[in-house]
Amino acid sequence: TSSKMGLMRERVREAMSTASPGHGIATRFLLAQRNSKDASAVDAAALAENATHGDLLFVDMPERFYLCAWKKVLWYRHALRHFPAAGFILIADPDAFIQLNHLSEDLRSVQRLIDRGAASAHVHYGLVLWKAFYNAVSEEPAVDFSGWLCDDSGALRLRRRFERCRDVLRNASATAPERPEWLLPGKGADSAYDAWAEATLQPLKGCKGLQRGTRRALERMEASSGPYPFTSGPLFGLSRPLAELLAAPGGPADEWRRRIERTQPLRMYFSRGFRIPFTLRSAACYPASFDATHGRWVWELARASGFALDVTLVNTPFMVQHHPWLSFRHGAFSNASLVLHELKNPSSPGWAFAAARGSGPFVPFERGCGPCGAPPAGASRGAQGMGWVTAERGREPNPVSRWRCCGAPDGGCGDWKPPNRRAGAQSAAPRRRGASRTGVKV
């Protein structure tokens with residue numbers, strides 16, 4: 001509700017007020033200029049709040065459930081215009097504690113990597129994760145979680161599993177006595193398709209129990225690309241040169257909006273007078289993974305250049321700098337930390353805990369950079385190849401291997417390792433809810 005969001009913004013302001021001067025970060029809270037019920041209305045309480053604090057930015061768009069990702073584009077365009085000295089433009093969730101002094105120091109260290117040529121000028125910054133595929137029909141990233149690692153290993157395993165299941169469905173539909181209209185991708189009748197796909201895949205190990213969205217997407221997977229990276233929603237962003245490319249009129253974000261407004265769910269939404277389809281009413285945003293949509297735009301920028309665009313992925317390590325949930329013990333917020341997420345309640349003890357635990361001098365994460373692909377034969381992971389993109393024998397290399405990646409100097413992610421667990425073990429994924437509302441720029 002509007003009143004709860006006002007309380008959350010007040011909590012964020014209190015947390016940011018503890019930062020010492022000189023961090024060089026300006027913050028704005030992003031709100032749609034028009035609400036979802038009345039295209040001409042502006043929230044009166046928000047206007048009064050802005051009269052007091054002056055830090056709300058009303059972007060020129062209606063509050064629609066499918067425009068969560070689009071709001072970020074409007075923020076980039078505003079920040080590029082109004083903050084000409086900003087080197088980085090970031091986005092954060094409204095339920096996240098951000099240690100501004102630590103963030104400022106970390107971004108300065110990234111700028112030093114750029115200045116000495118270790119990183120390119122086109123930086124994609126944040127907790128690097130991967131999606132197994134992109135559904136080019138519904139314009140949705142894969143809904144299945146690929147793990148908390150900065151390399152593509154988890155996403156690649158999922159993708160190969162999905163490809164095997166897809167081939168089973170294609171063979172089954174090709175040999176059916178009749179090929180009903182609902183078997184064709186993009187033709188709708190998802191309930192009928194789900195029933196047929198579930199019955200077909202049920203006997204097969206690794207295919208039964210797939211999420212409904214994945215079953216629908218198997219026939220529609222984009223075959224021309226492997227897994228692609230994105231940076232996780234609580235806190236992510238771009239260097240100025242990359243933001244300029246992404247936010248340019250006619251760029252991938254504009255194309256994405258034109259495409260998504262032609263998808264079946266949104267055609268139904270428009271034809272019913274902006275009533276959200278029943279199957280999507282539980283989703284705060286569509287597509288749900290707005291951060292993965294943002295990552296896809298960066299990927300499409302690179303593809304448009306024939307992957308000549310020199311993108312650099314800069315990782316903020318899991319449970320070291322970037323904390324997706326509150327932990328009071330293992331992987332707890334510290335003076336090495338930047339962001340703590342999932343503080344849904346303004347009275348959560350996590351706000352005070354993070355402020356106290358992160359109140360000291362910043363403990364920097366020393367990064368090493370190299371090509372994202374595998375190192376040459378006989379060489380260790382690191383400056384010659386970080387190994388974040390898997391090289392598969394007999395397959396075309398993922399073009400992301402041409403990008404640069406910055407993580408631990410030994411080629412790792414730099415993530416916190418749980419005690420008494422094997423290296424690389426995965427933690428349970430937190431449930432993602434809500435849309436990003438806080439814009440942060442440096």
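Does Phe 307 count as buried or exposed, and at what relative accessibility? At 12% relative accessibility, Phe 307 falls under the 20% limit and so counts as buried. The legends below describe close-up views of this structure, which is a predicted model.

**View 1. Two residues other than glycine, Phe 307 and Met 319, have positive phi values.**
In the loop between helix 11 and strand 9 (311–315) lies Phe 307, whose phi is near 60 degrees, a positive value in a residue that is not glycine. Met 319 also has a phi near 60 degrees, and its place is in the loop between strand 9 and strand 10 (322–323). With a relative accessibility of 5%, Met 319 counts as buried.

**View 2. A cis peptide bond joins Tyr 286 and Pro 287.**
The omega angle of this bond between Tyr 286 and Pro 287 is about -5 degrees. Pro 287 belongs to the loop that lies between helix 10 (264–271) and helix 11 (290–304).

**View 3. A disulfide links Cys 68 and Cys 285.**
A search of the whole structure finds 4 disulfides, and in one of them the sulfur atoms of Cys 68 and Cys 285 are 1.9 Å apart. The link of Cys 68 and Cys 285 is left-handed, with -85 degrees about the S-S bond. Both Cys 68 and Cys 285 are buried.

**View 4. Strand 13 pairs with strand 9 and with strand 12.**
Strand 9 and strand 13 (residues 404–407) are paired in the parallel sense, and 3 bridges connect them. Within this pairing, the residue standing opposite Thr 312 is Arg 404 in strand 13. Strand 12 (residues 368–371), by contrast, runs antiparallel to strand 13 and is joined to strand 13 by 4 bridges. Here Gly 368 stands opposite Gly 407 in strand 13. As a general point for reading such a view, side chains in a regular strand alternate between the two faces of the sheet.

**View 5. Two disulfides, Cys 369 with Cys 406 and Cys 372 with Cys 405, involve strand 13.**
The disulfide that joins Cys 369 to Cys 406 has an S to S distance of 2.0 Å, and with 110 degrees about its S-S bond this link is right-handed. The pair links distant parts of the chain, 37 residues apart, with Cys 369 in strand 12 and Cys 406 in strand 13. Both Cys 369 and Cys 406 are buried.
In the disulfide of Cys 372 and Cys 405, the sulfur atoms are 1.9 Å apart. The torsion about the S-S bond of Cys 372 and Cys 405 is about 100 degrees, so this disulfide is right-handed. Cys 372 is placed in the loop between strand 12 and strand 13, and Cys 405 in strand 13, so that distant parts of the chain, 33 residues apart, are linked. Cys 372 and Cys 405 are both buried.

**View 6. The largest nonpolar core has 67 residues.**
The residues with the most contacts inside this core are Tyr 66, Trp 70, Trp 75, Tyr 76 and Trp 403. Helix 3 supplies the largest share of the core, 9 residues. When its neighbours within four places in sequence are left aside, Tyr 76 is in contact with several residues, including Ile 89, Ile 91, Phe 236, Leu 238, Leu 246 and His 294. A second, separate core of 41 residues includes Met 8, Ala 19, Phe 97 and Leu 340. In soluble globular proteins, nonpolar side chains tend to be buried together.

**View 7. An open sheet of 3 strands has the order 4-11-10.**
The pairing in this sheet is mixed. Strand 4 (97–98) and strand 10 stand at the edges with a single partner strand each, so one side of each is left without a neighbour in the sheet. Strand 10 and strand 11 (residues 339–340) pair in the parallel sense over 2 bridges, and the bridge partner of His 323 in strand 11 is Leu 340.

Note on methods
Residues are numbered from 1 along each chain as its sequence is written. This is a predicted model: local features need pLDDT of at least 70, side-chain atom pairs count only at pLDDT 80 or more; totals for chains, interfaces and linings use all residues. Side-chain values use heavy atoms; hydrogens and water are left out. Buried means under 20% relative accessible area, exposed over 50%, partly exposed in between (1.4 Å probe, protein chains only). Two strands pair if DSSP finds at least two bridges between them. A disulfide is a pair of cysteine sulfur atoms within 2.5 Å. A nonpolar core is a set of buried Ala, Val, Leu, Ile, Met, Phe, Trp, Tyr and Cys residues joined through side-chain atoms within 4.5 Å. Contact means heavy atoms within 4.5 Å.
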